[in-house]
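Thanks for asking me to look this one over. Here are my notes, written with the model open beside me.

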Amino acid sequence: MNRIEELAANLAAVRERIAKACHAAGRAPDEVTLVAVTKTFPASDVRLLAELGVTDVAENRDQEAAAKAAECRDLDLTWHFVGQLQTNKARSVVSYADVIHSVDRGRLVNALSRAAIAAGRSPRCLIQVSLDETGAGTAEGGRGGVRPDGVLALAEALTAAEGLELGGVMAVAPLGADPAPAFARLGEISASLRAAYPAAKTVSAGMSGDLEHAIVSGATHVRIGTALLGGRRAIVR
């Protein structure tokens with residue numbers, strides 16, 4: 001089996017999982033966007049996925065993402081940045097990312113706003129929420145994100161910042177825990193955010209191992225890497 005056949009088979013299997021999860025949740029499959037997480041895989045895989053109809057691609061490291069986006073600039077893709085983001089990388093990330101999933105603090109909002117104004121771009125920003133029971137996900141062992149009780153304040157900062165668009169929320173299920181209650185909490189947080197900011201409809205949640213739980217709780221975007229592309233490679237060529 002060549003690479004495009006492998007990707008096509010994986011894509012069909014992932015789409016079937018999404019369709020079944022949507023059916024179980026009483027949702028339409030077109031309510032959920034598949035975001036292909038191509039980290040550590042070459043730009044040639046991005047091109048093959050584009051041939052297969054994938055339009056949303058995500059990366060989590062700026063150095064790799066910037067190079068890959070440049071190499072694929074001729075493709076009509078929506079680029080997502082899903083990794084933890086340092087303020088000194090804001091300008092680079094804003095130059096190619098259409099959606100930034102990991103906004104978790106006011107300093108980052110300010111840095112992204114300055115970069116967006118300078119670049120003449122308006123990236124859609126998602127507030128990364130920590131679902132770790134122990135508190136903020138930036139603590140040791142956490143997955144990143146702002147505490148749930150800080151979401152509305154960060155949303156206010158985002159909407160006040162020039163050049164940025166508040167898109168919604170993003171989260172990663174806590175390590176070693178049942179993802180179902182965590183994603184249910186995220187659904188509640190999203191509902192509270194939408195009550196204050198009706199346009200903030202995006203819920204980015206769910207990966208290869210837990211996408212079904214995320215869809216049940218209202219995910220609009222699932223971030224799929226391993227199930228789509230296979231095991232991670234150590235080196236991108």
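1. A word on ground rules. This is a predicted model, in which local features need pLDDT of at least 70 and side-chain atom pairs count only at pLDDT 80 or more, while totals for chains, interfaces and linings use all residues. Residues are numbered from 1 along each chain as its sequence is written, and side-chain values use heavy atoms, with hydrogens and water left out.

2. Start with helices α1 and α2. Helix α1 covers residues 3-25 and helix α2 residues 43-51; they pack at an angle of about 60°, with axes 10 Å apart. That makes α1 oblique to α2 (angles under 35 degrees count as roughly parallel, over 145 as roughly antiparallel, 65 to 115 as roughly perpendicular and the rest as oblique). Axes here are lines fitted to C-alpha atoms, for helices over the stretch in contact, and angles run from 0 to 180 degrees between N-to-C directions. Helices (H or I, at least four residues) and strands (E, at least two) are DSSP runs, numbered from the N terminus.

3. Which residues of α1 and α2 meet? Arg-3, Ile-4 and Leu-7 come from α1, and Asp-45, Leu-48, Leu-49 and Glu-51 from α2. The residues of this contact of α1 with α2 comprise 4 nonpolar, no polar and 3 charged (Ala, Val, Leu, Ile, Met, Phe, Trp, Tyr, Cys and Pro count as nonpolar, Asp, Glu, Lys and Arg as charged, and the others, Gly among them, as polar). Contact means heavy atoms within 4.5 Å.

4. Leu-49 counts as buried because its relative accessibility is 0% (buried means under 20% relative accessible area, exposed over 50%, partly exposed in between, with a 1.4 Å probe and protein chains only). Leaving aside neighbours within four places in sequence, Leu-49 is in contact with Leu-7, Ala-36, Thr-38, Val-54, Leu-228 and Leu-229.

5. Helix α6 (residues 151-160) and helix α7 (residues 179-196) pack at about 40°, their axes 10 Å apart. This angle makes α6 oblique to α7. Val-151, Leu-152 and Ala-155 of α6 make the contact with Ile-189, Ser-192, Leu-193 and Ala-196 of α7. The residues of this contact of α6 with α7 divide into 6 nonpolar, 1 polar and no charged.

6. Not counting residues up to four places away in sequence, Leu-112 touches Leu-85, Ala-90, Val-94, Ile-100, Val-103, Cys-125 and Leu-164.

7. Gly-168 lies in strand β6 and is buried, at a relative accessible area of 0%. Beyond four places in sequence, the residues that Gly-168 touches include Ile-127 and Leu-193. Gly-168 and Ala-199 are 31 residues apart along the chain, with 8.0 Å between their C-alpha atoms.

8. Finally, Thr-40. Thr-40 sits in the loop between β1 (33-37) and α2, and its phi is near 75°, a positive value in a residue other than glycine. Most residues other than glycine have a negative phi. At 18% relative accessibility, Thr-40 counts as buried.
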